[in-house]
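Morning, everyone. Please bring up the model on your screens, and I will walk you through it.

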Amino acid sequence: MIPNYIDSLLKEARKYLGVKFDTIYLGGGTASLLNNNVPRLMNCLKINFDLASILEATIEANPDSITVNFLNMAISSGFNRISIGVQSFNDYELENVGRIHSSTQAINAIKHAKKAGFKKISADLILGLPGQTIESLKRSIEVLICLDVNHISTYCLSIEEGTLLSKNIPTNLPTEEDQVKLYEYAQEMMYNNNLIQYEISNFAKPGYECLHNINYWHGGEYIGLGPAAASHLNGKRFKNKDDLFAYLTDPTGQIDEDEQLDLKRKAAEEIILRLRLLKEGANIKMLEERFGYRNIKEIFTRIDKLVSINSLTFDGVSYRLPKNKVLVSNPILTDILGD
Amino acid sequence: MSNIRNFCIVAHIDHGKSTLADRILEITDVVHTTGNEQILDGMDLERERGITIKASPVRIPYRSKEGKDYILNLIDTPGHVDFNYEVSRSLKACEGALLLVDATQGVEAQTIANAYLAIDGDLELIPVINKIDLPNARIDDCKLQIEDMIGIPADDALLVSAKDGSGVSELLEATIKRIPPPKGFDDEPLSCLIFDSQYDSYRGVIPHIRVFSGTIKPGDKILFKSNQKIFQVEEVGYFGLRLTRCEKLAAGDVGYLAAIIRDVQDVNVGDTIISPNFPDTIAISGFRRSQPMVFCGIYPVNTNDYEKLKFALEKFVLGDSSIVFEKENSAALGHGFRAGFLGMLHMDITLERLKREYEQEIIATMPTVIYKVLTTAGKEMIIDNPSKFPTINEIDSIEEPIVKARVITPNDSVGPVMELSMAKRGKMLAMEYPDERRTSISFEFPLAEIITDYYDRLKSVTRGYASMDYDLVGYKNADLVKVDILVNGDPVDALSFISERQSTVPKSKSLVHKLLKLIPRQQFKIPLQAAIGGKIIAREDITPYRKDVLAKCYGGDITRKRKLLEKQKEGKKRMKIVGSVEIPQEAFLSLLKVEEELD
């Protein structure tokens with residue numbers, strides 16, 4: 001099955017022959033399950049595309065499936081960044097949300113990744129896990145800092161409808177207020193350890209930001225391969241159908257939704273994305289050049305109003321979302337959208 | 001003219017009026033149907049709710065058993081307590097009425113009320129007992145009740161089944177024999193009553209008329225008695241299933257006229273049309289014009305749609321002149337209208353029709369009655385809007401409208417009915433026993449207590465068996481206070497309400513609690529307060545939300561997340577921004593639900 005899947009990926013990739021890339025990201029699901037298909041995939045890509053100038057190639061993996069063998073294979077295939085789904089270093093918390101790995105496995109995974117040669121290592125943490133306290137969160141972050149992990153993504157636990165957890169909501173789930181405290185605590189602790197919050201959910205030591213993701217937040221273009229994968233190419237956003245079997249039979253004929261926004265909506269979308277980059281923000285000159293001042297005048301009017309009520313900041317060069325507004329950013333971002 | 005019979009059917013709701021009308025139309029070959037569709041109930045809403053809202057006339061050619069040709073003008077009427085007005089104006093166009101009683105239910109409150117309207121209008125009343133095909137039909141009981149409760153002989157009551165058609169041809173024969181032909185002469189000066197009207201975008205306002213004397217034909221000049229406006233008749237006709245053009249209408253006829261009347265205000269139901277050659281012709285009198293009893297504010301959701309709403313309302317009242325409306329401004333809701341209705345059902349249906357048929361996006365505020373306030377300066381004020389209430393120290397006394405209601409209920413529900421009525425400040429006046437199964441109770445109520453949900457709740461505590469009717473009897477002193485609702489410290493005029501002093505605190509607490517759930521959390525804390533004068537009597541705080549963020553937004557999420565934000569934006573647009581707080585439309589009607597929960 002997996003070999004077939006790799007064949008399909010390559011078939012789909014050939015649709016885009018000639019396109020140049022800066023970054024690669026192998027993830028969305030558990031890439032570590034691909035095992036020795038990883039080298040095959042990368043070799044085939046190398047044959048079809050010029051990957052010599054690739055700046056960053058990330059592979060995603062879960063602690064329970066990370067082996068020394070897998071890590072070595074990933075490095076020799078050309079990956080230079082690994083993103084590990086740690087979630088927490090508290091076994092009780094992990095168990096509570098049905099994760100199959102232990103904190104020991106997570107620690108070992110990070111150690112082995114370093115040993116295998118990964119310079120850029122990222123770990124995911126979840127805030128608001130059932131039973132989580134400031135204390136336990138502090139310990140999880142401490143472990144990451146001790147292991148010298150240079151990139152951390154934090155997400156608040158969201159209980160999606162239809163999942164096992166939603167049918168049996170744990171009683172010790174932190175309240176919204178608790179989640180806010182956890183988040184603010186994490187924000188501060190990362191800051192004190194030189195992990196800069198460069199995006200709403202992402203912290204990194206300077207120079208270790210995820211280039212691949214930054215491209216998304218710049219409104220940049222990208223190609224997604226596989227079922228349900230999204231792409232942004234030639235100004236158009238489109239997405240494959242979420243059907244593995246259909247994909248296996250016809251990997252190039254799966255485009256489901258596709259949309260081309262008019263200039264104003266495109267501009268608003270890009271500004272909303274760029275504002276996620278807390279440090280960089282949305283540069284006014286760059287926006288004017290890209291979209292034309294006259295076309296986005298009304299958007300600026302709305303943005304300036306948000307600046308006047310301190311929902312955004314402006315330093316004469318760029319608009320930014322202030323740190324203390326991150327958790328309530330949706331209503332601010334909706335105000336940027338036109339009617 | 002001796003071959004014309006103008007009559008209507010009056011009955012309690014659900015006693016089978018529309019079905020009987022259908023059967024009559026079939027037997028006389030006006031329509032051919034097989035289903036149980038109610039032909040005269042033209043509106044979707046009427047079919048959905050199984051009620052007749054608007055009276056519609058139809059002309060039926062009929063050949064009697066003796067071979068003589070007649071013209072029967074049948075006017076279908078609504079049966080709900082709110083629509084007495086429609087009934088009374090239909091009655092005015094008739095010489096007779098069929099009083100329809102459901103043989104399984106017996107005489108109900110609305111049967112009595114409608115029968116009295118007909119008797120007051122000097123109509124020949126023919127009792128008709130319907131649904132005789134049902135096994136639980138109690139014909140003799142019905143006859144007794146008609147004699148005891150209404151006071152008319154019922155020996156010769158007609159027995160019919162509108163469903164299977166039995167007795168209907170006998171009923172038609174009785175109609176021509178027992179209902180007198182119209183009086184009046186063609187060679188007398190013109191005198192017509194406007195008993196209804198409709199709007200046609202090509203022909204303008206079309207009055208529905210009953211000619212009492214004289215004739216009217218295209219080319220004639222006519223004069224409206226009330227406003228002295230003169231028009232030239234373009235077309236006259238009668239009511240087939242559609243408007244059917246004819247050469248002229250003569251004394252005794254029921255029909256319509258078109259005269260390129262553009263302005264809705266020119267046509268007043270109840271007005272008399274005469275000939276400008278005989279300007280002294282006296283107006284037709286005695287047709288009961290009921291007063292609107294329930295008022296509410298109607299505002300466009302989008303402030304810019306004020307003019308559109310105005311036009312829709314103007315068109316609407318053409319078909320229902322019992323509605324009154326005037327311009328009103330609300331600090332919270334902007335420009336809108338205060339509209340008066342005959343009752344709650346009438347209000348509900350009107351709002352629903354404005355939304356559906358006229359495609360208006362509207363916010364309606366809490367319904368209220370008319371209060372009379374005597375100020376300390378000795379001035380009497382008529383208040384139909386809580387926000388216009390004078391301040392406490394300006395008020396000397398307040399009077400509220402009082403109604404006398406008759407409730408007929410099965411004996412085993414008397415307890416719950418009494419309990420419900422007492423909770424609504426009802427005072428029992430009398431108790432009677434129309435038959436061995438049922439009790440008829442007369443109450444006095446403050447109108448304000450029964451306009452909102454009394455009727456619905458009465459139906460529910462009696463499993464649908466109770467019936468009621470009420471009449472305004474006057475005004476009485478009452479200990480009432482105005483409660484202001486403050487959102488984030490700002491009074492929201494559209495949320496204030498008048499309440500009897502005793503129940504003010506529980507009502508306010510419940511309302512504030514309801515608002516707490518309806519108003520979405522915002523970025524700052526929002527105190528919700530209820531106050532009398534400056535005194536706060538209830539308070540709850542909407543805690544600010546702390547988290548509303550799209551945490552994950554990577555390549556595959558961008559479109560979906562943008563759509564999510566766009567949806568949030570749409571939701572925001574549907575809210576009314578009062579001060580700095582966004583209030584959803586439902587909040588303005590939340591007091592209705594409060595009443596339900598409290599009693």
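Predicted model: local features only at pLDDT ≥ 70, side-chain atom pairs only at ≥ 80, totals over all residues.

Let's take chain A. Chain A is 339 residues long, and buried residues make up 50% of them. It has 14 helices and 13 strands. Now look at contacts in chain A between residues at least 6 apart in sequence. Of these, 67% join residues at least 24 apart.

On to chain B. Chain B has 599 residues, and 58% of them count as buried. It holds 14 helices and 33 strands. Take the contacts in chain B between residues at least 6 apart in sequence: 69% of those link residues at least 24 apart.

Now a helix pair in chain A. Find helix α3, residues 68-76 of chain A, and helix α5, residues 103-116 of chain A. At what angle do they pack? About 40°, and their axes are 9 Å apart. Oblique is therefore the word for α3(A) and α5(A). The crossing of α3(A) past α5(A) is right-handed.

Which residues meet there? From α3(A) come Val68(A), Leu71(A), Asn72(A) and Ile75(A). From α5(A) come Ala109(A), His112(A), Ala113(A) and Ala116(A). Sorted by class, this contact has six nonpolar residues, two polar and no charged. Keep one general point in mind when you look at those numbers. An α-helix has 3.6 residues a turn, so residues three or four places apart point the same way.

Next, another helix of chain A: α11, residues 263-275.

Is α11(A) enclosed or open? Ten of its 13 residues are buried, so α11(A) is largely enclosed by the rest of the structure.

Time for single residues. As background, most residues other than glycine have a negative phi.

Go to Asn310(A). Its phi is near 65°, a positive value in a residue other than glycine. Where does Asn310(A) lie? In the loop between α13 (297-308) and β12 (313-314) of chain A. Its relative accessibility is 55%, so Asn310(A) counts as exposed; the cut-off for that is over 50%.

Now Gln228(B). Here phi is near 60°, again positive in a residue other than glycine. Gln228(B) sits in the loop between β10 (221-224) and β11 (230-232) of chain B. At 47% relative accessibility, Gln228(B) counts as partly exposed.

Last stop: Ser467(B). This serine is in strand β26 of chain B, residues 467-477. Buried or exposed? Ser467(B) has 0% relative accessibility and therefore counts as buried.

What is Ser467(B) in contact with, leaving aside neighbours within four places in sequence? The list is His12(B), Glu108(B), Ala109(B), Arg406(B), Val407(B), Ile408(B) and Leu458(B). One distance to finish. Ser440(B) is 27 residues from Ser467(B) along the chain, and their C-alpha atoms are separated by 9.4 Å.

That's my tour. Over to you.

How values were computed:
Residues numbered from 1 in each chain as written. Chains lettered and ligands numbered in written order. Heavy atoms only, no water. Axes fitted to C-alpha atoms, helices over the stretch in contact; angles between N-to-C directions. Helix = DSSP H or I, 4+ residues; strand = E, 2+ residues; numbered from the N terminus. Parallel < 35°, antiparallel > 145°, perpendicular 65-115°, else oblique. Left-handed = near helix turned anticlockwise from the far one by under 90°. Contact = heavy atoms within 4.5 Å. Nonpolar A, V, L, I, M, F, W, Y, C, P; charged D, E, K, R; others polar. Expected span 1.5 Å × (residues − 1). Buried < 20%, exposed > 50% of the residue type's maximum accessible area, 1.4 Å probe, protein only.
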